[in-house]
Amino acid sequence: MSDKLIKSIKGINDILPEDVEILQNLEKVIYNIANQYCISEIRLPLLEKTELFKRSIGIGSEIVEKEMYTFEDNNGELISLRPEGTASCVRCALENNLIYDRGIKKKKYWYHGPMFRYENPQRGRFRQFYQFGFEYFGFSNIDNDVELISLCKRLFISKLDLTNIKLHINSIGNKEDRVKYAETISTFLKKYKNDLNQIQKNTLVRNPMRLLDSKDKKIQNILTDLPKFINVMSDHSRVRFESILEKLDELKIKYYVDNSIVRGLDYYNDTVFEWKHSSLGSQDAVCAGGRYDELVKEIGGVSVPAMGFAFGVERLLDLIRDNKKLSYTRPRILLINISKENSYKYFLKFEELRDKYHAIKFYNYNVDENSSLRAALQFGSKNLNCKYAVIIGDSELSDNLYTLKEFHAKNEDKKISQNELDKILKDINNG
RNA sequence: GUGGGUGUAGCUCAGUGGUAGAGCCCUGCUUUGUGGCAGCAGUUGUCGUGGGUUCGAGUCCCAUCAUCCACCCCA
């Protein structure tokens with residue numbers, strides 16, 4: 001490979017046809033589910049004012065501090081490629097009066113598209129990555145927390161057959177609860193100060209809650225004796241959480257109460273959850289979300305309760321690649337033209353087949369001076385793995401017949417009529 | 001930002017200081033209107049890049065880049 005070839009940017013990858021087909025099938029599944037729940041798609045810009053993310057994600061967060069692609073527009077304004085979708089969605093909903101107009105409106109939206117974060121790539125983590133997100137506005141009742149989780153279950157388990165995916169759920173209370181619990185953590189860890197490394201000490205000062213999701217076994221061991229958040233938080237948040245768990249039990253949705261789910265973005269409160277899958281390596285969260293009742297006020301000044309989740313497409317793709325229901329479907333019929341005369345006639349016949357059989361993938365192959373029938377058949381058999389080849393040459397055109405070859409079968413080729421061909425194609429088209 | 005692994009043919013990789021290799025793939029032929037199986041023939045390389053040690057470096061050393069995995073962070 002020439003060193004003059006310009007390669008793609010680190011962590012920003014191409015998506016090739018076989019994966020694209022799986023993604024298209026995944027998208028169909030999601031469109032259907034969104035329709036079933038009457039959730040409207042919303043299409044959001046990739047660029048926003050940097051200020052939007054500073055205000056929503058939180059100035060102290062790693063994402064805003066180090067990971068945004070930020071630059072000056074030609075007028076000197078700071079703008080950023082979006083690192084996530086929720087902030088844009090809230091901004092759009094407010095700006096277009098979708099969720100508040102002299103009162104709170106109840107709305108459900110979903111969106112999808114690329115997000116950008118300047119991180120070091122590793123498995124399941126890229127600088128440009130794709131998310132599908134769902135956001136509910138105006139709903140404060142726990143039934144809506146449950147509905148979102150139930151929607152996830154339908155998608156991941158019922159539709160995508162991810163039987164090993166696990167729901168981890170937790171509550172992080174309200175803002176005051178978190179301040180109180182942060183103090184509890186700081187006090188508790190005083191006697192273990194020498195067991196923390198420098199990064200952990202910094203985290204302890206900046207955002208003690210984040211130590212709860214540390215992967216460090218030592219910290220995890222120390223924290224087993226830490227008082228549980230549920231015992232510190234306000235009655236309102238505690239009862240709320242317990243009620244959600246009861247509902248999940250009633251709905252037979254399996255969950256793991258997981259105190260390490262604390263979320264990295266500042267805007268969450270009460271319900272937080274992640275769907276994890278053990279086969280994904282270190283980045284095992286396929287989907288994450290929660291309630292963010294304060295965010296809309298933070299961005300637009302009006303208070304609208306809200307919650308949502310997003311899932312990472314690349315991580316989900318890793319899990320569904322082997323799912324036959326979604327996988328790449330190869331062309332079924334290779335159409336070979338070997339006629340030397342009347343070339344438009346073969347073309348019309350092939351187009352007629354497409355008119356009649358919408359569900360079949362037909363691949364046209366013209367045998368000309370640069371190729372041979374041998375090459376055509378080899379291509380159909382090896383590259384495309386077709387079921388049949390339909391061959392039209394001058395003799396077929398004059399007799400008004402088709403030559404049908406069945407790949408991967410021992411029977412000889414047959415010259416067949418239009419009716420006989422229709423019979424075969426109808427079966428394929430319907431099945 | 002930090003740490004570790006890996007960079008040799010289109011792909012997967014072997015090659016522990018002495019001529020650059022294998023399997024798969026690809027192309028052609030055996031069959032100019034018949035693929036798969038088989039046989040034959042063929043194409044493909046700045047050994048990631050730059051420097052150093054050596055009579056001699058794909059191999060040892062240094063640097064650098066890329067990539068993968070992990071930390072951090074997060075979908």
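Reply: Happy to. Helix α13 (residues 373–383) gives the largest share of the surface near RNA strand B, with 8 residues. Near means that the C-beta atom of a residue, placed from the backbone, lies within 6 Å of the molecule or strand. Helices (H or I, at least four residues) and strands (E, at least two) are DSSP runs numbered from the N terminus. The model is predicted, with pLDDT of at least 70 needed for local features and 80 or more for side-chain atom pairs, while totals for chains, interfaces and linings use all residues. Residues are numbered from 1 along each chain as its sequence is written, and chains are lettered from A and ligands numbered from 1 in the order in which they are written.

In total, 61 residues surround RNA strand B, and the closest are Arg-123, Gly-264, Gly-281, Gly-312 and Gly-393. By class there are 19 nonpolar, 20 polar and 22 charged residues; nonpolar covers Ala, Val, Leu, Ile, Met, Phe, Trp, Tyr, Cys and Pro, charged covers Asp, Glu, Lys and Arg, and the others, Gly among them, count as polar.

Now for the sheets. An open sheet of 5 strands runs in the order β13-β12-β14-β15-β16, with mixed pairing, where two strands pair if DSSP finds at least two bridges between them. Strands β13 (362–366) and β16 (414–416) are at the edges with a single partner strand each, so one side of each has no neighbour in the sheet. From one strand to the next the twist averages 25°; axes are lines fitted to C-alpha atoms, for helices over the stretch in contact, and angles run from 0 to 180 degrees between N-to-C directions. Strands β14 (388–392) and β15 (402–406) run antiparallel, joined by 4 bridges, and Tyr-388 has Glu-406 in β15 as its bridge partner. Helix α12 (residues 343–356) lies across β12 (333–337), β13 and β14, at about 170° to β13.

A second open sheet has 3 strands in the order β2-β4-β3, paired antiparallel. Its edges are β2 (47–49) and β3 (70–72), each with a single partner strand, so one side of each is left without a neighbour. Three-residue β3 aside, the joining of β3 to β4 (residues 78–81) takes 3 bridges, with Thr-70 opposite Ser-80 in β4. Helix α2 (residues 50–57) packs on this sheet, touching β2, β3 and β4, and its direction makes about 75° with that of β2.

The buried residues of α2 are Phe-53, Ser-56 and Ile-57. Buried means 20 or more other C-beta atoms within 10 Å of a residue's own, exposed means 12 or fewer, and partly exposed is in between, with C-beta atoms placed from the backbone. These three cover an arc of only 80° around the axis, which puts them on the same side of α2; the arc is that of the directions from the helix axis to the C-beta atoms.

Finally, strand β9 (residues 269–276) has 8 of its 8 residues buried, so the rest of the structure largely encloses β9. Strand β7 (residues 166–171) runs antiparallel to β9 through 6 bridges, and Ser-171 stands opposite Thr-271. Strand β10 (residues 285–291) is also antiparallel to β9, again with 6 bridges, and Lys-276 has Ala-285 as its bridge partner.

Methods:
Contact = placed C-beta atoms within 7 Å.
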